[in-house]
Every structure is written in structure tokens, then in C-alpha cells.
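Student: I have a sequence and a structure open side by side, and I would like to learn how to read them together. Could we go through them slowly?

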Amino acid sequence: METKFLELKKDPEGAIAEAAGLIAAGEVVAFPTETVYGLGADGLQAEAVAKIFAAKGRPADNPLILHIADPEQIHALTTGLNANARALMETFWPGPLTIVVPRSSVVPDIVTAGLDTVAVRMPSHPVAAALIRAAGCPIAAPSANVSGKPSPTNAKDVAEDMTGKVAAILDGGSCGIGVESTVVDTTSPVPTILRPGGITREMLEDRLGAVEIDPALNGDPALRPRAPGMKYRHYAPKAPLYLYEGEQAALRLTEAVQRSQKLGLHVGVLCDDAVKTRLEESLRRGHRAEIFSWGQGKPDLAEHLYELLRDFDRVSPDFIIGMGVDEKGLGLAVMNRLRKAAGYQILQAEDNTIVIKSGSGFPDLLLTVKV
């Protein structure tokens, strides 16, 4: 399949019109949102949606999100909205929030993986909104990457995964938020976060009061996912990723990198600016460490995380060591993505000790500690 590359800078109206025409014709088009790039098709055409699953290699039991451009469009997709759903729409739409509501009969089974609920969101990105309006239909769209790989936040990374697999890529520059939307189940007795994202738990609690977090977020392979990203390993670079968490995370990560250098290993490091500076000062000249920094805070980590994970694939380290952050605010979302990328291979570093929190197969050099 030939993949067209549509540049908004050259002809915004023409690019959106051409992309919308392809979607109306049952084809798949990659497009930007404020979170990540999506892989979109007419959400009410089962055959078109099936092409999304084929392009991504996506498991059929992993439901999709329907994207709309006007709040009124949700009424055709659901049998009814409760007070919590309406409150979330009024407060956070358009924006990086997906709500799970009872589905109507017009929504194909392939979109919902056979569930009696459907996930809907109204993106704030002007290109996404214009594309949905021009296509004249809800657009079903997961992230525009091969399943399991880091989500793309720019058109170049989309092209790396999707050239030859989709009809077109709509280049709208880089995405601002960098992690997918928050997914909230409004059909449960207490609104439940199925996937953390750009709308934080604290923001939801300010609006709704009590909010729960689904315990299935730990990636249990036995569960049936109720929202995208709940079950399968996601966002993973090619090299094994090990994640340090806890108060001593930065210190233990530094020690592990220094030991890897003595063993002549090619290590990747994911950290903030302060730790990168410390490492570059302490490592000997000629070291084989690829030290990638996300910047200074959680918004920087959210915006650059997927891009950095893809950058590790380009330099091919033997393994990667990552540094965790606390789960306040955006920390819940970025730690969810980091843990999935690591396959839950987590080291808890506290009080001069390291405890394996989950996972297995850690190299001995990562487990050595100074007491």
C-alpha cells in the first residue's frame, strides 16, 4: 500500500480534506491529537476499523476509543449519560479525557471488543477536531504505532511504524501532552480510572469527589480489558528496561551505571537533567552509556517519554535503566507507562537496600547495593 504524507504547513485545508475523504472511503489515516498521534478510521464502519487492527497488529480484545468533535455527537453512541459523565464532559471536554459510557447499537462490536460499553473522547487539538468534522463520523483511533512499541508523538515516528500499512499520515507537528488520554469508567458506582493520563486523579477528585483506580492497571494477563492499554505490554523499547523507584532511586541508578561501565556494558539511562549531569561528571572518558534526559519535571517526562524510548532503539544499548518519579499529579500517568515499558521489572530502592518489587531476570549488577 502506498502511504501519502500530507503536510499541513503546505496546504492545511487541502490536507485535511484529503485525509477526511480517505476516512469516509473506509481507509485508515494517522493524525495528530494533543496527546499522541492516532490511527483513525470511520468508527461506525466495522470493515474500516478492522484495518486499524491489521495495521497495528493489535489484539482483538483491546477496545478502541471513538473521537468526536461536538459533545452532542455522543448521544448517538450511548444509551444514556449519568451525572458523572455529564460533569466530566462539561469540565474537561475538549481535552485529554475519555469517558466510558453504555454503548448504543450503532457502535460495532469490533470497536468495543464486544463489551456493553464504549469509550468516547473529544480531542482539543484543532487538526483532530477539523478532521472529525470533515469526515462526518466518529473516528475510532488508538495510538499510531505497532502494538507494544512506544506511542508516536511526531509524524516521523508514525512513518517509521506505519509506512505501507495505512493510506495517509497527516503531519501536524509534535504533540504537546505526550501521554494518552485519561480513561474514566462512568458506569461504575464510583467513577474509576481505567488508564491515567493528562487529566490527573487530583483534577478528577476536585470535580467529582471520590474517584477509584482500577486494580487491573498492573497488567494482569488474565483480565479482559475495559479500556485501551490495560492488559498488554506497551510502550516497550527493544532493549530490556529496568526501573528504579523510591527515595534512593537516583543514587542506586548511578551506582548501577558506574558498575556497568567497569564491565564494559553498553547501557542506556533514562533520567532527569540533574542525574544526567551527575553521571556525565562521574563516568570515565570513553564510557559506553547513552544518557537521555527528559528535562526537569513530570510535564517534561510526559511530553518526551515515548520519543526517548524510541531513541534508545536507534542506539541499541545492551539494557536500559530508568528512574521513576512519585505518583502525584502527572506522575500516576507517566509511571503507568514506564512500568508497562519495563514489563513491571521494578527495583524498589529504599534505606540502602533494594527490593525486587515485581518482575524477574535482573542482572546482578543492578541488585548490588552498598550498606
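Student: Which residues have the most contacts inside the largest nonpolar core?

Tutor: This is a predicted model, in which local features need pLDDT of at least 70 and side-chain atom pairs count only at pLDDT 80 or more, while totals for chains, interfaces and linings use all residues. Residues are numbered from 1 along each chain as its sequence is written, and side-chain values use heavy atoms, with hydrogens and water left out. A nonpolar core is a set of buried Ala, Val, Leu, Ile, Met, Phe, Trp, Tyr and Cys residues joined through side-chain atoms within 4.5 Å, where buried means under 20% relative accessible area (1.4 Å probe, protein chains only). The largest such core has 47 residues, and those with the most contacts inside it are Y244, L253, L309, I321 and L366.

Student: Which helix gives the most to this core?

Tutor: Helices (H or I, at least four residues) and strands (E, at least two) are DSSP runs, numbered from the N terminus. With seven residues, the helix that gives the most to this core is α10.

Student: Which residues does the second, separate core include?

Tutor: This second core is separate and has 44 residues. Among its members are A48, A55, W93 and I169.

Student: How far apart are the end C-alpha atoms of α10, and where does the helix bend?

Tutor: The expected span of a helix is 1.5 Å times one less than its number of residues, so the 18 residues of α10 (residues 298-315) should span 26 Å. The distance between its end C-alpha atoms agrees with this, being 24 Å. The bend at a residue is the angle between axes fitted to the seven residues ending there and the seven starting there, and in α10 a bend of about 50° is found at H304.

Student: What covers the buried residues of α10?

Tutor: The buried residues of this helix include L301, L305, L309 and F312, and also K298, R310 and D313. Taking contact as heavy atoms within 4.5 Å, what covers them includes α6 (155-162), β12 (241-245), β13 (267-271), β14 (289-293), β15 (319-323) and α11 (331-341).

Student: Is β14 largely enclosed or largely open, and which residue of β14 is the bridge partner of G268?

Tutor: Four of the five residues of β14 are buried, so this strand is largely enclosed by the rest of the structure. Two strands pair if DSSP finds at least two bridges between them, and β13 and β14 pair in the parallel sense over five bridges. In β14, the partner of G268 is E290.

Student: Which strands stand at the edges of the open sheet?

Tutor: Eleven strands form this open sheet with mixed pairing, in the order β1-β8-β2-β3-β7-β4-β6-β5-β9-β10-β11. Each edge strand has a single partner, so one side of each is left without a neighbour in the sheet, and these strands are β1 (4-7) and β11 (212-213).

Student: Which residue of β11 is the bridge partner of T192?

Tutor: Strand β10 (residues 192-195) runs parallel to β11, and two bridges join them. The partner of T192 in β11 is E212.

Student: What is the omega of the peptide bond from W93 to P94?

Tutor: P94 is placed in the loop between α3 (83-92) and β5 (97-102). The bond from W93 to P94 is cis, and its omega is near -5°.

Student: Is A113 buried or exposed, and what is its phi?

Tutor: A113 is found in the loop between α4 (109-112) and β6 (117-121). With a relative accessible area of 15%, A113 is buried. Although A113 is not a glycine, its phi is positive, at about 55°.

Notes: Buried means under 20% relative accessible area, exposed over 50%, partly exposed in between (1.4 Å probe, protein chains only).
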